[in-house]
Amino acid sequence: MDYNKILSRTIQEIKPSGIRRFFDLASEMDHVISLGVGEPDFKTPWPVRRAGIRSLEEGKTWYTANAGMKELKVEISRYLKRRFDLDYSPEDELFVTVGGSEAIDMCIRTLVNPGDEVMVVEPSFVCYGPIARMSQATVVPIATKAENGFSLTAQELRAAISPKSKLLVLPFPSNPTGGIMTREQLEEIAEVLRGTDIMVLSDEIYAELTYTGEPHVSIASLPGMRERTIVVNGFSKAYAMTGWRLGYTCGPQPVISQMLKMHQFAIMCAPTVSQMAAIEAMRSCDDTIAEMRDEYNMRRRLVVDHLNRMGLTCFEPRGAFYVFPSIAITGMTSVAFCEALLQEKRVAVVPGDAFGACGEGHVRISYSYSLEHLTEALRRIREFLQEHGLHG
């Protein structure tokens with residue numbers, strides 16, 4: 001049987017995730033320190049785990065409403081208002097998803113038609129472009145620059161807009177760069193978009209992890225932007241709940257109702273146990289978020305300082321839990337650097353080109369790991385550079 005004729009051409013043409021490739025390689029080797037996966041090393045807070053355990057003990061394992069448990073939706077609505085000054089009705093302007101990833105998928109597939117253009121700010125997380133291509137849209141990358149803090153500028157956005165532009169993917173705080181968008185920068189982006197029919201997918205999964213002393217600002221909170229913005233968020237990063245697979249999406253009712261329709265047929269509902277746990281997370285874990293953020297901030301300063309002293313020039317990330325240093329001094333490609341570092345020193349990081357062509361010449365390093373692991377990994381990276389004659 002010729003599976004090349006049977007399988008979807010669109011799916012066959014999409015490359016596998018560059019992140020998973022190095023994670024899989026590292027998993028097959030001994031004594032590897034992996035700094036490649038964006039997963040908190042903290043345990044899910046005990047009150048959250050306890051709420052999940054209680055739901056199992058009480059036999060609360062049935063389907064919920066497609067949009068999620070009413071109690072959870074109310075808590076999400078209150079949380080968004082409390083933390084980010086966003087007003088969404090729990091009745092018809094938000095629903096609960098299987099991770100933020102499902103919300104991204106639902107949003108793109110709901111909004112784009114074949115031939116529409118989806119503008120993706122890069123370097124960025126690996127899923128946006130492939131999902132857009134699976135929807136037969138055209139992906140238009142918008143390359144950001146280290147000298148601009150890897151933020152999107154109004155000039156860069158204007159240059160990317162065409163009559164076919166349908167959606168702007170705005171993923172801040174950024175995975176992989178750690179870049180953020182300030183209120184002033186978002187105002188400039190909003191000014192470009194006002195008066196157009198371009199929608200915004202604002203992926204704010206790292207909204208709680210910013211290190212400037214100022215809270216995250218959602219573009220949906222700016223005048224004239226709520227009606228054109230779909231906000232995606234979730235519990236994985238802020239609450240260390242990656243394996244619970246729970247997210248949510250918010251936006252104008254006409255769009256959310258169509259996304260929910262797709263969710264009904266594709267997913268049915270998010271896991272009941274996870275929803276029960278998430279209710280507790282939203283009610284009692286603000287202090288826990290702050291504690292984890294302080295720990296990440298300490299690790300961030302450590303890693304940035306060490307990398308810069310090694311000669312791996314590193315823009316100071318102000319959000320998420322990643323650094324995106326330049327490897328220009330090595331003369332290697334991103335893939336070659338990562339392969340050599342893994343083989344020679346058993347340290348796994350991710351090549352920058354996995355996050356878009358403009359990521360070439362960089363690597364992504366996650367500092368969502370223990371100080372012990374980070375310190376040892378940095379020591380091995382320094383040795384690697386020294387043995388290649390690149391660091392004294």
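Predicted model: local features only at pLDDT ≥ 70, side-chain atom pairs only at ≥ 80, totals over all residues.
Let's start with the big picture. The chain is built from 14 helices and 12 strands. Its radius of gyration is 21 Å, close to the 21 Å that the globule rule gives for 392 residues, so the chain is as compact as a globular protein of that length.

The accessible surface of the chain comes to about 16800 Å², and carbon and sulfur atoms account for 51% of that. As for charge, there are 42 positive and 49 negative side chains, with the centres of the two sets 2 Å apart.

Now think about who touches whom. Take the contacts with a separation of 6 or more: residues 24 or more positions apart make up 75% of them.

Time to zoom in on a sheet. Strands of a sheet pair through backbone hydrogen bonds, either parallel or antiparallel. Here, 3 strands make an open sheet with antiparallel pairing, in the order E9-E12-E11. Which strands sit at the edges? They are E9 (322–323) and E11 (350–351), and each pairs on one side only. E9 is joined by 2 bridges to E12 (residues 363–366), and these two strands run antiparallel. To find the spot on screen, look for Tyr322, which stands opposite Ser366 in E12.

Terms used
Residues numbered from 1 in each chain as written. Heavy atoms only, no water. Helix = DSSP H or I, 4+ residues; strand = E, 2+ residues; numbered from the N terminus. Rg over C-alpha atoms; globule rule 2.2 N^0.38 Å. Contact = heavy atoms within 4.5 Å. Areas by Shrake-Rupley, 256 points an atom, 1.4 Å probe, with all protein chains shown as cover. Lys, Arg positive; Asp, Glu negative; His and termini not counted. Charge placed at Lys NZ, Arg CZ, Asp CG, Glu CD. Pairing = 2+ DSSP bridges.
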